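Please open the structure in your viewer and keep the selection tool at hand.

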Amino acid sequence: LAAALMAGTAYAQQKPDGTVVPTPKPVEPVGLPHNIRIELTITDQAGPGAAEKRTVSMMVADRKAGSIRSQGRVVTSGQATAVTLNVDATPVILKDGQMRLDLGLEYVPKPGSENAASGEGRGSLNQRLSLLVESGRPLVISQASDPTSDRKISVELTATILK
């Protein structure tokens with residue numbers, strides 16, 4: 001019984017009159033008064049032609065969440081295909097000036113011209129990462145190969161603290 005009572009003291013305190021007062025939860029640290037510019041460059045290489053690049057950028061305050069949602073439809077030979085580019089980011093400025101960044105990315109590109117009607121070889125990328133990054137320093141955060149074709153997708157990130 002004593003062990004159970006001691007374990008309960010971490011969550012509540014008992015007053016002399018027998019009432020129980022819950023212990024308040026620790027206060028979350030307040031973010032620094034800075035915005036962070038987050039830039040992602042997605043390089044999509046399919047076949048021997050030139051690589052296509054997509055750039056997404058957003059501004060997010062320290063310890064706050066930001067989201068971008070971009071969707072469209074491509075119609076080829078009477079068949080509609082959805083294309084998607086979604087980004088979620090939550091940066092945290094650390095004491096040493098680095099950042100921890102929780103990042104989500106969903107990229108579903110249009111099919112290549114050689115397989116637009118069938119959708120074959122239409123790679124996509126869906127990732128969730130927690131990273132440590134330095135302000136203003138570009139970093140390749142992922143490289144993926146499409147399992148059905150020679151398409152390759154790489155993602156470069158630059159997160160910059162704005163003061």
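pLDDT is the predictor's confidence in each residue, on a scale from 0 to 100. The term is needed at once, for this is a predicted model.

**Stop 1: confidence along the chain.** Colour the protein chain by pLDDT; its mean is 84, and 85% of its residues reach 70 or more. Now select residues 1-9, where pLDDT stays under 50. For this stretch the model has one contact beyond four places in sequence. Helix H1 (residues 2-8) has the lowest confidence in the protein chain, at a mean of 47. Select strand S7 (residues 99-108) next: here confidence is highest, at 96.

**Stop 2: the sheet that contains S7.** The strands follow the order S5-S6-S7-S8 and form an open sheet of four strands with antiparallel pairing. Which strands stand at the edges? They are strand S5 (66-76) and S8; each has a single partner strand, so one side of each is left without a neighbour in the sheet. From one strand to the next, the twist averages 10 degrees.

**Stop 3: another open sheet.** Select S4, S3, S10 and S9, in that order: these four strands form an open sheet, and their pairing is antiparallel. At its edges are strand S4 (52-61) and strand S9 (139-145), each of which pairs on one side only. Neighbouring strands here are turned by 15 degrees against each other on average, direction ignored. Keep strand S3 (residues 35-45) and strand S10 (residues 152-162) in view; eleven bridges join these antiparallel strands. Leu40 stands opposite Leu157 in S10.

Stop 4: In soluble globular proteins, nonpolar side chains tend to be buried together. Select Ile38, Leu40, Leu105 and Leu157, the residues with the most contacts inside the largest nonpolar core, which has 25 residues. S3, S4, strand S6 (79-93), S7, strand S8 (125-133) and S10 each supply at least two residues of this core.

**Stop 5: around Leu157.** Finally, centre the view on Leu157. What is in contact with Leu157, leaving aside its neighbours within four places in sequence? The contacts include Ile38, Leu40, Leu101, Leu131, Val133, Leu139 and Ile141. Glu39, Arg137 and Pro138 are also in contact with Leu157.

Technical notes: Residues numbered from 1 in each chain as written. Predicted model: local features only at pLDDT ≥ 70, side-chain atom pairs only at ≥ 80, totals over all residues. Heavy atoms only, no water. Pairing = 2+ DSSP bridges. Axes fitted to C-alpha atoms, helices over the stretch in contact; angles between N-to-C directions. Contact = heavy atoms within 4.5 Å. Core = buried A, V, L, I, M, F, W, Y, C linked by side-chain atoms within 4.5 Å. Buried < 20%, exposed > 50% of the residue type's maximum accessible area, 1.4 Å probe, protein only.
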